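The sequence and structure come first.

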Amino acid sequence: MSKLKIKAENPAESVERRAVTKGNFDYPSESTAQHVGALSNGLIRVRKAAEKDSSTCFTTLLHHVTVDLLRKAYFSLNKKSAAGVDKVTWDKYGKILNERLPILYELVQSGRYRALPSKRIWIPKPDGRKRPIGIASLEDKIVQQVLVWVMQSIYEADFKGFSYGFRPKRKQHDALDAVYVSITQRKVSWVLDADIEGFFDNISHEWLMKFIEHRISDKRILRLIRKFLRAGVSEDGEWSKTEVGTPQGAVISPLLANIYLHYVLDLWVEQWRKRYARGEVYIVRYADDFVMGFQYKSDGKQFQTELRNRLSAFGLKLNEDKTNLIEFGRFAQSNRKEKGKGKPDTFDFLGFTHICSKKRSNGSFKLHRVTIKKRIRATLKRIRTLLWKKVTLPIYQQGKWLRSVLNGYFNYHAIPGNQDAIECIRTEVCKMWHRILSRRSQKSKKNWARIQKMIKTWIPHTRVRHPYPNQRLVVNPK
């Protein structure tokens with residue numbers, strides 16, 4: 001990714017050497033399957049051509065879709081994912097894989113492939129609301145994955161360094177690191193924590209296709225994308241048409257979302273801060289959530305106003321309840337104290353609340369990051385519900401499951417300064433397990449000594465599993 005020449009370079013854009021972080025409990029890690037398509041020599045040539053000339057429009061791409069690539073796409077899918085409207089699971093399809101893939105290949109190449117509607121389900125959110133998820137049929141997932149690999153070979157050459165969501169070799173912790181370095185090492189005194197309301201449900205198909213056509217003019221590829229966009233959704237057996245939006249949960253949706261925001265937001269931000277900003281401006285975006293740092297409040301206010309107009313032109317709008325411009329940074333506490341104001345406000349990003357704090361050793365500024373409290377409550381509630389469903393299983397099976405869940409949670413949340421939160425989770429889970437085991441049978445109540453032994457065997461200890469961002473993130477000062 002080329003570096004941007006702006007008034008002040010975003011640390012997110014100048015960093016390429018990062019340690020790879022592990023998966024997590026709250027946020028699904030991007031699959032390594034995203035890289036499989038790069039093994040194709042043809043797609044490597046496409047990537048090089050895209051990097052060489054940003055104005056190149058690719059006219060023939062569908063020939064890169066082969067039976068072998070379709071096979072790789074099948075094996076890259078989550079084996080345990082839910083079935084779509086076709087009711088075909090990964091295992092079931094595997095039994096007819098060799099017979100079906102050549103047929104699927106012919107359907108795609110001839111233009112006779114038909115996308116099925118996505119099966120809509122509703123997933124509870126921590127705030128009590130529900131998020132719609134679209135589950136595609138298995139063959140749709142295969143074809144979409146292949147399309148993602150083909151299109152990524154082009155767009156990875158275009159996407160900006162501050163875009164992190166659902167991209168190969170980029171994780172949530174990379175975005176968190178970039179925010180940390182921007183606030184602690186750059187001239188950031190104001191933070192705009194922004195969220196686009198119902199983003200995936202309001203993507204304009206018309207604008208999306210116009211954006212894609214800047215780089216892709218292969219009519220067969222464009223036709224395939226339109227088929228997936230127009231396939232509709234099925235809920236309780238009833239089909240409904242989709243004129244806007246792309247289903248959350250579809251394999252291709254994250255890439256389409258990044259393409260949309262690349263043109264609507266990223267390129268515009270790049271130009272805005274070159275032309276209009278008085279001071280330094282930084283941005284870190286993960287899908288439709290993004291954080292911006294400003295040196296001056298006037299820049300932040302002007303940008304927020306113009307951002308509303310920009311998004312409105314493309315059928316989007318800010319979630320005003322979740323979008324705030326706050327005084328934040330190294331000098332926020334002292335500045336507010338001089339004005340007789342309270343502590344600086346906090347902001348949430350990727351599962352963590354960011355807080356202005358001070359180091360105990362010398363009183364200097366420290367960016368404190370802790371797990372969002374409502375996420376902790378939601379996690380404990382989810383573990384409790386699932387653990388009750390496993391109450392009749394043998395102790396060792398319950399223990400193995402709890403160890404897996406907590407390790408996944410700690411792999412994401414065990415960052416420096418967040419020890420209290422993860423220790424709270426561990427303590428509550430231990431108490432929860434004790435209570436549940438005690439209640440499953442009057443004759444088999446577990447005494448605390450035995451519970452302690454089980455905890456020592458199965459429950460992982462809390463420890464910091466990530467270095468400080470300035471140790472992991474190598475920033476080019478130029």
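A salt bridge is taken here as a side-chain nitrogen of Lys or Arg within 4 Å of a carboxyl oxygen of Asp or Glu. In this predicted model, that rule gives a count of 13 salt bridges. Among them are the pairs below.

| Salt bridge | N to O distance |
|---|---|
| R215 and D158 | 2.8 Å |
| K160 and E270 | 3.0 Å |
| R226 and E213 | 3.1 Å |

R215 and D158 join through their side chains. Because R215 sits in the loop between helix 7 (205-212) and helix 8 (219-229), and D158 in the loop between helix 5 (138-155) and helix 6 (172-185), the pair ties together parts 57 residues apart in sequence. R215 is buried, at 1% relative accessible area, and D158 is buried at 12%.

K160 pairs with E270. K160 belongs to the loop between helix 5 and helix 6 and E270 to helix 9 (residues 253-275), so this bridge ties together parts that are 110 residues apart in sequence. K160 has a relative accessible area of 13% and is buried; E270, at 8%, is buried.

In the bridge between R226 and E213, R226 lies in helix 8 and E213 in the loop between helix 7 and helix 8, 13 residues apart. R226 is partly exposed at 26%, and E213 is partly exposed at 34%.

On the surface, R131, K322, K373, K374 and R377 form a patch of positive charge. Helix 12 (residues 373-389) supplies the largest share of this patch, three residues. K374, in helix 12, is partly exposed at 36% relative accessibility.

The structure has zero disulfides. C356 is buried at 9% relative accessibility, and C430 is buried at 7%.

Terms used: Residues are numbered from 1 along each chain as its sequence is written. This is a predicted model: local features need pLDDT of at least 70, side-chain atom pairs count only at pLDDT 80 or more; totals for chains, interfaces and linings use all residues. Side-chain values use heavy atoms; hydrogens and water are left out. Patches are made of residues with over 30% relative accessible area and no salt bridge: like charges are joined within 9 Å, nonpolar side chains (Val, Leu, Ile, Met, Phe, Trp, Tyr) within 5 Å. Accessible areas come from the Shrake-Rupley method with a 1.4 Å probe; for residues, only the protein chains shown count as cover. Lys and Arg count as positive and Asp and Glu as negative; His and the chain ends are not counted. The place of a charge is taken as NZ of Lys, CZ of Arg, CG of Asp or CD of Glu. Helices (H or I, at least four residues) and strands (E, at least two) are DSSP runs, numbered from the N terminus. Buried means under 20% relative accessible area, exposed over 50%, partly exposed in between (1.4 Å probe, protein chains only). A disulfide is a pair of cysteine sulfur atoms within 2.5 Å.
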